[in-house]
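Follow this walk through the structure with the model open.

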Amino acid sequence: MRLAYYPGCVAQESGKELDMATRWVCKALAIELVSFPSFSCCGSGFIDEANEVLNVALNARNLAIAEKAGLDMLTICSTCQGMLTLANIRLADPKVKGRVDAALKPLGIEYRGTTKVKHLLQVLTEDVGLEALKAKVVRPLAGLKVGAFYGCHLLRPADEMSWESGEEPHAFEELLQAVGATPVYYRGRVMCCGFPIQFVKPETAERIAGRQIDDAKAHGADAMATPCPLCHISLDTYQNQVSKAVGHRLDVPVFHLPQVVGLALGASPEELGLARHMVSTDAAVAKIGSRALA
Amino acid sequence: MAAAEEKLTKFTEESLVTVPFDVYRYDPAKGGEPRYQRYELRLAPHTPVLTGLLRIRDEIDPTLTLRYSCRSAICGSCAMLVNSKSRLACRTPVGPEVQAHGRIVIDPMRNQPILRDLVVDQQPFWTRYEQMEPHLILDPSKPMPADTPTRMSPAQVERFRDTPRCIACGACYSACPAVEADPGFPGPMALAKLYRFVVDPRDSATQGRLKKIQTSGLWLCLRCHLCTEACPKDVRPSERIRDLKELAVQAQGGTELGSRHAIGFLNNIEERGTLNELKLVRQTAGVGGVLGALPQGLRIWRKKPEITKAPPPIEGIDQVKKIYQALEDKKEGQE
């Protein structure tokens, strides 16, 4: 499998451990990642709020770059996945496409709309397949209870994202099961992490994040795992502030999706950048450590 | 006549499914704790949840209290939680719920005080709706002609999108995590209604409406789209809230933290094509904001030292800048 790798901004900066883990896992699963230093930011939902057609045009350029290389795109962020998918859909409207084409054509960029955009979670569950993944597991995460946290834009609007239920998805939990972990079902798993309003009203954003972490914990989760680095910022990077907002210490480690898979496939904590997390993952890793590799 | 009768499909006992309902029960007048009452019915899979609840009330337990009227997804009275999802009970069939969950758990809507069983006090919902001034505000110097209809072009009508379909059931309000977390957020329905008046060509208060909403909750929308999933009439409130934000930014610029952040982000990406995380804090929150974020920033820097370095520009940044030049000044949907 060969895919145009769209890491997104955060995985190249403060969330570098996500990029490290993705590369490790894809190598282990023989997924060839083709890098394009010309990809720009997806707009993260913010450019969309200020200028929708500009945001669509920027993503049409991204999609056209992969299209020219004849590749489908791999995202590792729920928001990137959402913005690129919505761009493809909005570009099906001839009025939008007309305006975007008028901006892109003078630059020699042609968008035709043949590139599919897939998140790593979809590639792992649909293209690699859970049985094939299971066969590669060398260190089952047995005994580890993990609360999946999807990130809104990977699921909704469900009509547009069109791969899972917008409110009752199962893909992530099935993947957790395939790598030997015990998935924890809780209401917060499909809720918002608060990130979009972290700048606007931090105390509300943090209360929202805290609600979901508390919920996962109350349902017995030892750790959470997310396919979205923006959720990771809310849940892990800011967890100290979130604890203050909810008035008690949370102390729940939060893995990136490929870190959970990487651990099961035999990667070391160093290879997955676990030391870069703000909340220590040591206790969670120790739970599966008795089955560590030689 | 006889032939037609033969074609009728009858529901035999085998085509029915057992539906275990676990219904939230609470009567503050009687005191005590809320509890779930189990009722079991045999129903055809396509039977609406509401039909099941009414059978329970009429045949098993007359004390069950719920709000409903038309049974046809027109009146918007029977919104409640069906297996934790905010739904109209009259248009949610029992079959798929039982298949997915083995039972149907019924709760009253979220984010509103519970009066009794499935009935909530909708006053907060209506108050926030009324705060939107959901009526035409006309320019007194240009009164509408009394005896001729006002004409609208198809393009003008199109701008309403699906907002006139709203039946004010409150499912979106119940599903909204911003409503849950912050009393300053008016809720998806109120904002979708506001949008409907903002784009109405007869309304004269567009700028005032946008200005007011920018400081009273617009920028607290999380764009999680849970309202759009809950809406039984496909009004898509989250998308209309996005439209309101863009209209506000384009007409009034970065007057609020929320609009400043959207514009700051947009400008940030124009420079390098990729996000300069540290600079974004300054663009949104100013120097004071940077100082306030310093202790947290230092904490993060110890684990992630690269956050102080600006990323290199992407290849082809000139293309990005030209796309900005081509599309930045044009206003969306204003033709």
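Start at B:Leu294, which lies in helix 14 of chain B. Helices here are DSSP runs of H or I with at least four residues, strands are runs of E with at least two, and both are numbered from the N terminus. This is a predicted model, in which local features need pLDDT of at least 70, side-chain atom pairs count only at pLDDT 80 or more, and totals for chains, interfaces and linings use all residues. Residues are numbered from 1 along each chain as its sequence is written, chains are lettered from A and ligands numbered from 1 in the order written, and side-chain values use heavy atoms, without hydrogens and water.

B:Leu294 has a relative accessible area of 43%, so this residue is partly exposed. Buried means under 20%, exposed over 50%, and partly exposed in between, with a 1.4 Å probe and protein chains only. Two elements of chain B give two or more residues to the patch: helix 13 (277-292) and helix 14 (294-303). Helix 14 gives the most, three residues.

Now take chain B as a whole. Its secondary structure comes to 15 helices and seven strands. The C-alpha trace spans about 75 × 65 × 50 Å along its principal axes. Chain B has a radius of gyration of 26 Å, whereas a compact globule of 335 residues would have one near 20 Å. That radius is taken over C-alpha atoms, and the globule rule is 2.2 Å times the number of residues to the power 0.38. Of the 335 residues, 48% count as buried. The accessible surface is about 16,500 Å², with 54% belonging to carbon and sulfur atoms. Areas come from the Shrake-Rupley method with a 1.4 Å probe; for residues, only the protein chains shown count as cover.

Turn to the rings. Over all chains there are eight aromatic pairs. Rings of Phe, Tyr and Trp (its six-membered ring) pair if their centres lie within 6.5 Å; planes under 30 degrees apart are stacked, over 60 edge-to-face, the rest tilted. A:Phe46 and B:Phe265 form a tilted pair, 5.2 Å centre to centre with 35° between the planes. A:Phe46 sits in helix 2 (residues 46-50) of chain A and B:Phe265 in helix 12 (residues 257-272) of chain B, so this pair joins two chains. Both A:Phe46 and B:Phe265 are buried.

B:Trp126 and B:Tyr129 pair edge-to-face, because their planes stand at 75°, with centres 5.5 Å apart. They are three residues apart in helix 4 (residues 123-131) of chain B, so about one helical turn separates them. B:Phe125 and B:Tyr173 belong with B:Trp126 and B:Tyr129 to one aromatic cluster.

The structure holds 49 salt bridges over all chains, each a side-chain nitrogen of Lys or Arg within 4 Å of a carboxyl oxygen of Asp or Glu. B:Arg223 bridges to A:Glu49, with the closest N and O atoms 3.0 Å apart. The bridge crosses between chains, from the loop between helix 9 (206-214) and helix 10 (226-230) of chain B to helix 2 of chain A. B:Arg223 and A:Glu49 are both buried. Within chain B, B:Asp203 meets B:Arg209 at 2.8 Å, N to O.
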